Amino acid sequence: MSGDPLAELAARLQAVCVARGLTVATAESCTGGLVAHVLTEVPGSSAYVRGGIVAYADDVKTAQLGVPAEILAGHGAVSAPVASAMAEGARSRLGASLAVSVTGVAGPAGGSPAKPVGLVFIAVAGEGPTEVHRFLWDGDRTHNKRASARAAIELLLARAGDGAGASGGADAGGGR
């Protein structure tokens, strides 16, 4: 685990959540379960991780996470409203204190002028109003997925009260 920044963040999140009695759920699209994987790589993660839903297809977002079809139709899967609905759905359906969602265009294909490769929305629900953050990563598919997972865990840490904030995204002055 040492040396992997994602694993180190996950260990910090686990310590904070266990100390505060918080539980976590994930709803992932473009990261394909990477956030849940990283969280559960830390021994003892069953003390706070409730579960995760990989909702790659729009119909799965609707059926499993309760994302309204009209939000998907009106905004597209890669959007702040969908990210928000995904996080809220995961929190509700998995019974967690906090939930994080990730939806975006990992690449190398699938982008458009309006939604380029590397565009990702990450939402955190619970312990206050749902917040959505926009990122624009500038790497390849693996980099974009790992950067998104890192930002998701950092946002969970911040919401759990650790004080960490997501870094490296368009909102933070990074990205492309």
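1. Asn-144 is buried, with a relative accessible area of 1%, where buried means under 20% relative accessible area, exposed over 50%, and partly exposed in between, for a 1.4 Å probe and protein chains only. Asn-144 has its place in helix H6, and a polar atom of its side chain lies 3.1 Å from the backbone oxygen of Gly-139. A polar contact is here a pair of N or O atoms within 3.5 Å; within protein, one must be able to donate a hydrogen and the other to accept it, and residues adjacent in sequence count only if both atoms are side-chain atoms. Not counting residues up to four places away in sequence, Asn-144 touches Ala-106, Val-117, Gly-118, Trp-137, Asp-138 and Gly-139, contact meaning heavy atoms within 4.5 Å.

2. On the basis of these values: this is a predicted model, in which local features need pLDDT of at least 70 and side-chain atom pairs count only at pLDDT 80 or more, while totals for chains, interfaces and linings use all residues. Residues are numbered from 1 along each chain as its sequence is written, and side-chain values use heavy atoms, with hydrogens and water left out.

3. Helix H6 covers residues 141-160, and at 1.5 Å a residue its 20 residues should span 28 Å, which agrees with the 28 Å between its end C-alpha atoms; the expected span is 1.5 Å times one less than the number of residues. Helices (H or I, at least four residues) and strands (E, at least two) are DSSP runs, numbered from the N terminus. Just after H6, Gly-161 takes a positive phi of about 105°.

4. The sheet is open and is formed by five strands in the order E2-E1-E3-E4-E5, with mixed pairing. Strand E2 (49-54) and strand E5 (131-136) are the edge strands, each pairing on one side only. Two strands pair if DSSP finds at least two bridges between them.

5. Which residues of E3 point one way, and which the other? Leu-98, Val-100, Val-102 and Gly-104 point one way, Ala-99, Ser-101 and Thr-103 point the other way, and all are buried. Because seven of the seven residues of E3 are buried, this strand is largely enclosed by the rest of the structure.

6. Strand E1 (residues 24-28) pairs with strand E3 (residues 98-104) in the parallel sense over five bridges. Within E3, Val-100 is the bridge partner of Thr-26, and Val-102 stands opposite Glu-28. With strand E4 (residues 119-125), by contrast, E3 pairs in the antiparallel sense over six bridges, and Ala-125 in E4 is the bridge partner of Ala-99.

7. Ser-84 has its place in helix H5 (residues 80-94) and is buried, with a relative accessible area of 16%. Leaving aside neighbours within four places in sequence, Ser-84 is in contact with Ala-123, Thr-130 and Val-132. Ser-46, in the loop between helix H2 (34-40) and E2, is exposed, with a relative accessible area of 69%. Ser-46 and Gly-128 are 82 residues apart in sequence and 24 Å apart in space, C-alpha to C-alpha.

8. On the cysteines, the structure holds zero disulfides, a disulfide being a pair of cysteine sulfur atoms within 2.5 Å. Cys-17 counts as buried at 0% relative accessibility, and Cys-30 is buried with a relative accessible area of 5%.
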